[in-house]
Amino acid sequence: MNVLMPTSQPSAEPVITTRPILVVDDDRKIVALVRAYLEREGFPVITAYEGREALRQARAAEPALIELDLMLPEIDGFEVMRLLRADSDVPVLMLTARSSLPERIIGLEKGADDYLPKPFSPAELVVRVKAVLRRVNQPAAATVETTTATTLTQNDLNIDTERYEVRRGDELIPLTPVEFKLLVTLVAADGRALTRDQLLDAVYGSDDGDVLDRTIDVHVGRLREKLGDDAERPRYVMTVRGVGYRAAPPLEEA
């Protein structure tokens, strides 16, 4: 069982959500242990042991977050994420093999919000769950301290930071919470280039030291794909080589 026993007790904090956490793993001992730690923190928990059941539970229960092992029978975690992202932006915390960097990158590209390498401590998993939920529930405008506007524009995009909506005319563009906060952070920077570290801090929080710089590149790629943006002739997100990214200038200035 790829679980490290914790050296400290989980901290007692107010519960961030009353919606259930869906724990998905084919190892029943891991599921039981994770469930015990989450319930100890006040989270309601539902479980699944294979991919099809995970999808059924996700659509029926509308969980606040899914803890998803990638190595599942029948339908693996990658396919579960792909199918989930077709109609859901539920946060996903994936479990990956510690030595498999490509596996982590693929998982992020398919829509995971964060990852935890195996073997893991159940106490750390609880901390990760709380961190993801805080990011999801954090007001988008707070990702940049100077942002007070509830509506931002980026060329033909209208961004509502209260409703968490991005529209192009009448078209609603569905973004995950991470993608939305990334876009808001770039637009609110008012043309300034932001480093990957700055974007990681804004989107994931400065205490998330295990997040890869490459994670931002993955999220930018997914954001561009959803916005229909061209990296060579960007309307929304520009690459600043050797630095990071910035919002593209108004079209008449490009």
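Does Asp190 count as buried or exposed, and at what relative accessibility? At 70% relative accessibility Asp190 counts as exposed, where exposed means over 50% relative accessible area, buried under 20% and partly exposed in between, with a 1.4 Å probe and protein chains only.

1. Basis of the note. This is a predicted model, in which local features need pLDDT of at least 70 and side-chain atom pairs count only at pLDDT 80 or more, whereas totals for chains, interfaces and linings use all residues. Residues are numbered from 1 along each chain as its sequence is written, and side-chain values use heavy atoms, with hydrogens and water left out.

2. Asp190 sits in the loop between helix 6 and strand 10 (194-195), helices (H or I, at least four residues) and strands (E, at least two) being DSSP runs numbered from the N terminus. The phi of Asp190 is near 60°, a positive value in a residue other than glycine. Glu74, in the loop between strand 3 (65-69) and helix 3 (77-84), likewise has a positive phi, near 70°, and counts as exposed at 62% relative accessibility. Most residues other than glycine have a negative phi, and most peptide bonds are trans.

3. A cis peptide bond. Between Lys118 and Pro119 the peptide bond is cis, with omega near -5°, and Pro119 belongs to the loop between strand 5 and helix 5.

4. Strand 5. The strand covers residues 114-118, and five of its five residues are buried. Asp114, Leu116 and Lys118 point one way, while Tyr115 and Pro117 point the other way. Strand 5 pairs with strand 4 (residues 92-97) in the parallel sense over five bridges, two strands being taken to pair if DSSP finds at least two bridges between them; within this pairing, Thr96 stands opposite Pro117.

5. An open sheet has the strand order 6-7-8-9 with antiparallel pairing. Strand 6 (151-154) and strand 9 (171-172) stand at its edges with a single partner strand each, so one side of each is left without a neighbour in the sheet. Strand 7 (residues 157-160) and strand 8 run antiparallel and are joined by four bridges, with Leu157 opposite Arg168 of strand 8.

6. Helix 1. This helix (residues 28-40) has 13 residues and reaches 18 Å from its first C-alpha to its last, close to the 18 Å expected at 1.5 Å a residue, the expected span being 1.5 Å times one less than the number of residues. Its buried residues are Ile30, Val31, Leu33, Val34, Tyr37 and Leu38. The face turned away from the buried side carries the exposed residues Arg28, Lys29 and Arg40.

7. The largest pocket. Its volume is about 650 Å³, and of its 30 lining residues Ser88, Asp89, Val90, Leu175 and Pro177 lie nearest its centre. A pocket here is an open set of points on a 1 Å grid over the protein atoms alone, where a 1.4 Å probe fits, with protein on both sides within 12 Å along at least five of seven lines, and lining residues have an atom within 4 Å of a point. The volume is the space filled by probe spheres set on the points. Helix 5 (122-137) is among the elements that supply at least two residues of the lining, and helix 5 gives the most, with three.
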